[in-house]
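Me: I would like to work through this model by question and answer, starting from the backbone and moving on to the packing. Please end each reply on the value or name I ask for.

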Amino acid sequence: MSKHTPGPWQLNHLDKTQVCDSDSKSRGCSPIAFVAPIGPLDERRANARLIAAAPDLLDALLNMRGLFDTPIYRRKLADDELYIESIKQLRAAIAAATTKD
């Protein structure tokens, strides 16, 4: 798995369009990501919130994979189209976040 800056991440308290690492409270904002100053401010802040949530979202996906992507569920729900599509999406999202270039 690719390494990333450990979460949780947070928004810069000044403009809320900059994402900082979890230790930044003690030493100021150590930027991880900036949202480009293009488009409405509300949209840029929403994008920054989504980026800041990334480590927590990845952890949740990994936990869900451990619970639902198991032989018991695969046998029980083998014919359930929603389950099959959801597991495909789960795997693809984890791969997108963890596969090295």
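Me: In which loop is K16 found, and is K16 buried or exposed, or partly exposed?
Reply: K16 is found in the loop between β1 and β2 (18-20), where strands (E, at least two residues) and helices (H or I, at least four) are DSSP runs numbered from the N terminus. This is a predicted model, in which local features need pLDDT of at least 70, side-chain atom pairs count only at pLDDT 80 or more, and totals for chains, interfaces and linings use all residues. Residues are numbered from 1 along each chain as its sequence is written, and side-chain values use heavy atoms, with hydrogens and water left out. Because buried means under 20% relative accessible area, exposed over 50% and partly exposed in between (1.4 Å probe, protein chains only), the 36% relative accessibility of K16 makes this residue partly exposed.

Me: What is the phi of K16 near?
Reply: Most residues other than glycine have a negative phi. K16 is a residue other than glycine, yet its phi is positive, with a value near 60°.

Me: Which six residues form the largest nonpolar core?
Reply: A nonpolar core is a set of buried Ala, Val, Leu, Ile, Met, Phe, Trp, Tyr and Cys residues joined through side-chain atoms within 4.5 Å. On that basis the largest such core consists of W9, V19, A33, V35, A48 and A52. A second, separate core of five residues has among its members L58, I87, L90 and I94.

Me: Where is I51 placed, and which residues does I51 contact beyond its neighbours within four places in sequence?
Reply: I51 sits in helix α2 (residues 41-52) and, at 29% relative accessibility, counts as partly exposed. R74 is 23 residues from I51 in sequence, with 31 Å between their C-alpha atoms. With contact meaning heavy atoms within 4.5 Å, and neighbours within four places left aside, the partners of I51 are W9, V19, A33 and V35.

Me: How do the residues of the contact of α2 with α3 divide by class?
Reply: The axes of α2 and α3 are 5 Å apart and meet at an angle of about 45°, axes being lines fitted to C-alpha atoms, for helices over the stretch in contact, with angles running from 0 to 180 degrees between N-to-C directions. Since angles under 35 degrees count as roughly parallel, over 145 as roughly antiparallel, 65 to 115 as roughly perpendicular and the rest as oblique, α2 and α3 are oblique to each other. The contact is made by L50, I51 and A52 of α2 and A54, P55 and L57 of α3. With Ala, Val, Leu, Ile, Met, Phe, Trp, Tyr, Cys and Pro taken as nonpolar, Asp, Glu, Lys and Arg as charged, and the others, Gly among them, as polar, the division is six nonpolar, no polar and no charged.

Me: At what angle do α3 and α5 pack?
Reply: Helix α3 (residues 54-68) and helix α5 (residues 81-98) have axes 10 Å apart. Their contact involves L58, L61, L62, M64, R65 and F68 of α3 together with Y83, I87, L90, A93, I94, A97 and T98 of α5, and by class it has eleven nonpolar, one polar and one charged residues. The two helices are oblique to each other, and the packing angle is about 135°.
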